Amino acid sequence: MANHWALNGLYRPRSALARALYEKQRNDRHLQEFDQHEWYRVDKSRLTEDLQQKFVQLQPDEETKEFLTNSIDKSTWVWTQIWYLLAKAVLKHFWTITDINGWLGRGSMFVLSAAQARSLLSAAKRGMNSTGALVDVGAGDGEVSRRFAHLYTNKYATEISSCMRKALSSKGYTLLDTEEWWREQRFDCVCMLNLLDRCSKPRSMLRQAKAAIGPDGVLLLALVLPYKPYVEVTTDHKPEERLPIQGVSFEEQAASFMQFMRDEIGFEAVAWSRAPYLCEGDFAQAYYWLDDSIYVFSPIRE
């Protein structure tokens, strides 16, 4: 009888652990049925001809699927997930969520595989100097850019979290000063991956990025849409500088952002795409995602 109830969505386990596992099973079943190609699609009828031509269609490739498989496996480690929950409950009174995840070594993210990054940079026909340098600004634990940083000989990073800085050093990144990095040298690829909606002064950071890009270099940028800024380290969690992104749909907001970048910051979008911003899951679900807009920008030189 219980199996019949479960099939009809009526079964409710009594213990808290059993309920959590049951809900996770339901959520994971939904993930299995979801068409992952939807993550990468846009409605081209909402785009200008210019933006249609610059759009690079990506697909869920083997590296993406490997990340998802590993996330599913980790989410089934019951005692590990319980440890994460207990540690977070205690540490959140002293540390930020970023520091907690860095210390626990959990919550890794995924945006682009090496092949997907290469496709975008190749379409842009810029920033592919294999002997050059890449810098990941606000790099977190480095897992996002690590997947394609090897396309460049030298890799650098900035990060304010001490726990994350240790993780970056262990992955071979040369750490730069968070305030002065853009003055120190020029880079072939400056990465700002899901940073602008989590920092207090995104406009200032974009101008720093422009100053740090070398000849034929690019800004590789990811931004979650819809735009909902949240700054972890400020009292009210609001940015001092807000990006003037307008529109309702993904396509409208992406177009608005690219227009802002051209008119106010001096960057031309040379290629762009859509991809999922994936995160390792937990007791409730194997993995999570947000809709990422991905851009390759080239500085407009005066």
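Which residues does Trp181 touch, not counting residues up to four places away in sequence? The first legend below gives the reply.

**View 1. Trp181 and the largest nonpolar core of the predicted model.** Trp181 touches Val135, Val137, Thr158, Leu176, Phe187, Val190, Met192, Gln208, Ala209 and Ala212, not counting residues up to four places away in sequence, where a contact means heavy atoms within 4.5 Å. The largest nonpolar core has 41 residues, of which Trp181, Met192, Leu219, Leu221 and Phe257 touch the most other members; a nonpolar core is a set of buried Ala, Val, Leu, Ile, Met, Phe, Trp, Tyr and Cys residues joined through side-chain atoms within 4.5 Å. At least two residues of this core are supplied by each of β2, α10 (181-184), β5, α11 (202-212), β6 (213-224), α12, β7 (267-280) and β8 (287-299), and the largest share, 7 residues, comes from α12. A second, separate core of 39 residues includes Tyr40, Leu120, Ala149 and Val218. Helices (H or I, at least four residues) and strands (E, at least two) are DSSP runs, numbered from the N terminus.

**Basis of the views.** This is a predicted model, in which local features need pLDDT of at least 70 and side-chain atom pairs count only at pLDDT 80 or more, while totals for chains, interfaces and linings use all residues. Residues are numbered from 1 along each chain as its sequence is written, and side-chain values use heavy atoms, with hydrogens and water left out.

View 2. Strand β2 (residues 133-137) is mostly covered, with 5 of its 5 residues buried; buried means under 20% relative accessible area, exposed over 50%, and partly exposed in between (1.4 Å probe, protein chains only). Ala133, Val135 and Val137 lie on one side of β2, Leu134 and Asp136 on the other, and all are buried. Strand β3 (residues 154-158) runs parallel to β2 and is joined to β2 by 5 bridges, with Thr158 of β3 as the bridge partner of Val137. The chain passes from β2 through α8 to β3 in a right-handed β-α-β crossover, a term used if, with the strands pointing away from the viewer, the path from the first strand over the helix to the second runs clockwise. Strand β5 (residues 187-193) also pairs with β2 in the parallel sense, over 3 bridges, and here Val190 of β5 is the bridge partner of Val135.

View 3. Between β1 and β7 the pairing is antiparallel, over 2 bridges, and Phe110 stands opposite Leu278 in β7.

**View 4. Arg147 in helix α8.** Arg147 is found in helix α8 (residues 143-149) and is buried, with a relative accessible area of 12%. The side chain of Arg147 makes a polar contact with the side chain of Glu63 at 3.4 Å; a polar contact is a pair of N or O atoms within 3.5 Å, and within protein one must be able to donate a hydrogen and the other to accept it, while residues adjacent in sequence count only if both atoms are side-chain atoms. Not counting residues up to four places away in sequence, Arg147 touches Glu63, Phe67, Phe110, Leu112 and Ala114.

View 5. Gln253 is placed in helix α12 and is buried, with a relative accessible area of 8%. Leaving out residues up to four places away in sequence, Gln253 touches Leu225, Pro226, Tyr227, Ile245, Gln246, Gly247 and Val248. The peptide bond from Leu225 to Pro226 is cis, with omega near 5°, and Pro226 is found in the loop between β6 and α12.

**View 6. Confidence along the chain.** The chain averages a pLDDT of 84, and 78% of the residues score at least 70; pLDDT is the predictor's confidence in each residue, from 0 to 100. Confidence is lowest in helix α1 (residues 2-7), at a mean of 39, and highest in helix α12 (residues 250-265), at 98. Over residues 1-11 pLDDT stays under 50, and for these residues the model has 7 contacts beyond four places in sequence.

Definitions and conventions: Pairing = 2+ DSSP bridges.
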